[in-house]
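Here is a friendly briefing on a protein structure, arranged by topic. Please take a look at the sequence and the fold before reading on.

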Amino acid sequence: MITLDRLVNVLGGYGVRLCNRPQARTAWLRSVAVADAADRHVSGDLLLAVGASSLAEAMEWATAAKATAVLVKAPTTGPGDQGGADATGPGGGADADVEAAALSDRGGAGVERQAAALGDRHHLAVLLAEPAVSWSQLAGVVYGLVLESRETASGRGPTDLFALADSLADVIGGAVTIEDRHWRVLAYSRSQEAGDPARLETILARRVPDRLRELFQQQGVLTRLAADEPVFVPADPGNGLTGRMAVAVRAGRELLGSVWVTCERPLTGAHRHALADGARTVALHLLRSRASADLERQVESDLVIRLLDGSADAVTAISRLGLAARPWRVVAVRAHTGGERQAALLLAFEQATTGFGWSRPGRSALLGDTLYTILPAEQAESARRWITALRAELPGQVHVAAGIGAPAEVAELPASRQEADECLALHEDGPPGAVPPAYDESWGDILLRRLRAAARTGRVPARGPVSTLLRHDSRHGTHFAATLRAWLESQGDLASAAERLGVHPNTVRNRLRKMGELAPLDLDDARQRLAMTIMLAASSDEVEQL
């Protein structure tokens, strides 16, 4: 089950476009039908007009199937052809007349307008595909999305995992919980009679609590699950645990998750076989769900990357992402565990893209070693809350750094991305526990960082009063550069400068006199004072080391 809006956004990556009835985007698609000459009674929310000889015939088929939308290929015409038999087809009548007129227009716009007109006449939303796209490819995408993209309490995943959990609970007689490989709850049986406090806590938090994961680690449960061995976990009243049995959910050698069922003693016989069979069924569900989710992530990621590098029509791309053409912020995130970066980053991307598009505030993409997310341009604190929520869903040992770009119109998102990158670098170099910086709040720090970067690459004057003072300080252990900076920051107030330096005002006065003997300091010239302030800011690392 999926909305027409989400289907259109994904199929847009294959050149499919919605021709009419934008109000139908909110419609839910629960079934797919394909016209069949042997069965004229097919029905479904979306009809694939495979084999239709004309747009008019496709509309007739979709109307007969009681469809909400129809996916049809644009008719093709040869040189000098005005539509011919393929244009009119068996539809005939007024529909065929207006279709033939549309096909006489050499551009695709005529076909699109005609598809829209026919769709409006039959109260159908028309999705028009390019002739070059194969029906097998389109059908694979559509079936994957409509029949497998179902939502659970934890985001993407087939709803019938809950039905499977209920079925297992009925057969085995215990409370069942299905979890993914990151200990997040995917589904659980409705009966709570055989449950315990630990299971209830897990369901409410939608993931296994840290203390229980540590307990299972100590008991060797994780090692035995990894070895594909059903595990019995004895009761532990201190942690709210009754006895339970766990089995790994696998696809080949890959661990996808686990199934847990409460029981007083290890399962044997038919009950043990039922648990193993249930795990294999869960694996099939998760593989189909992951294929659908990966497809959506790929389409979303491609569109976001094109927005951020400025290579796409911004308004069109943001619309295909299901977002409004209003100001947005770009958030840049890096995640790592010690020296390992890729696994934590992929986990962060998976978490950022979990759930259907309309249930998430933004859209995300992985580019290099950075996760980029487009978020509504509200106050920077809203973006920080999103970062905090993302961090809370990752394992405790994962370190997260982030930067927040300033609000930008959709066409200016490349600039917001650059700002987010600079804020991310600022956060990575900052003290532990610092909040992620936002460009509109930290632009001054960003400017100083740019100046220091310019200084490190030799792009500041090697001669001049500040350079002379820095060399003198380095050779003789004086503090002339720091004194000049304090005097400039204090706007010439000797007492304030002395307080900053922790010395007597006369010391500042004497240093200024000696500095004037070493270099031409024109402290009465406002332009000279500004230039020296900038130069000292660019050389702040060197000043602080002296």
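Predicted model: local features only at pLDDT ≥ 70, side-chain atom pairs only at ≥ 80, totals over all residues.

Residues are numbered from 1 along each chain as its sequence is written, and side-chain values use heavy atoms, with hydrogens and water left out.

**Overall picture**

- The protein's secondary structure comes to 22 helices and 18 strands; helices (H or I, at least four residues) and strands (E, at least two) are DSSP runs, numbered from the N terminus.
- Of the 546 residues, 48% count as buried; buried means under 20% relative accessible area, exposed over 50%, and partly exposed in between, with a 1.4 Å probe and protein chains only.
- Among contacts with a separation of 6 or more, 61% come from residues 24 or more positions apart, where contact means heavy atoms within 4.5 Å.

**Parallel strands around β6**

- Four of the five residues of strand β6 (residues 69-73) are buried, leaving the strand mostly covered.
- Strand β5 (residues 46-48) pairs with β6 in the parallel sense over three bridges; two strands pair if DSSP finds at least two bridges between them.
- Within that pairing, A69 in β6 is the bridge partner of L46.
- Together with helix α2 (residues 55-64), β5 and β6 make a right-handed β-α-β unit; right-handed means that, with the strands pointing away from the viewer, the path from the first strand over the helix to the second runs clockwise.
- β6 also runs parallel to strand β7 (residues 125-129), joined to it by five bridges, and K73 has A129 in β7 as its bridge partner.

**The five-stranded open sheet**

- Five strands form an open sheet with antiparallel pairing, in the order β11-β10-β14-β13-β12.
- β11 (185-188) and β12 (231-233) are the edge strands, each pairing on one side only.
- Neighbouring strands here are turned by 25° against each other on average, direction ignored; axes are lines fitted to C-alpha atoms, for helices over the stretch in contact, and angles run from 0 to 180 degrees between N-to-C directions.
- Three bridges link β12 to strand β13 (residues 244-251) in the antiparallel sense, with V231 opposite A246 in β13.
- Helix α8 (residues 197-205) packs on this sheet, touching β10 (176-180), β11 and β13, and its direction makes about 125° with that of β11.

**The four-stranded open sheet**

- Another open sheet has four strands in the order β16-β17-β15-β18, with antiparallel pairing.
- β16 (363-367) and β18 (399-404) each have a single partner strand, so one side of each is left without a neighbour in the sheet.
- On average, neighbouring strands of this sheet are turned by 25° against each other, direction ignored.
- Strand β15 (residues 328-336) and β18 pair in the antiparallel sense over six bridges, and A335 stands opposite V400 in β18.
- Helix α15 lies across β15, β16, β17 (370-376) and β18, running at about 40° to β15.

**Helices**

- The axes of helix α17 (residues 465-476) and helix α18 (residues 480-489) come within 7 Å and cross at roughly 135°.
- L469, L470, H472 and D473 in α17 meet F480, A481 and L484 in α18.
- Helix α13 (residues 342-352) has eight of its eleven residues buried, so the rest of the structure largely encloses it.
- The buried residues of α13 include L345, L347 and F349.

**Two residues in context**

- S301 is found in helix α11 (residues 269-309) and is buried, with a relative accessible area of 8%.
- Apart from neighbours within four places in sequence, S301 is in contact with F349, S364, A365 and L366.
- D421 lies in helix α15 (residues 413-429) and is partly exposed, with a relative accessible area of 27%.
- D421 and I404 are 17 residues apart along the chain, and their C-alpha atoms are separated by 8.0 Å.
- Leaving aside neighbours within four places in sequence, D421 is in contact with A332 and Y372.
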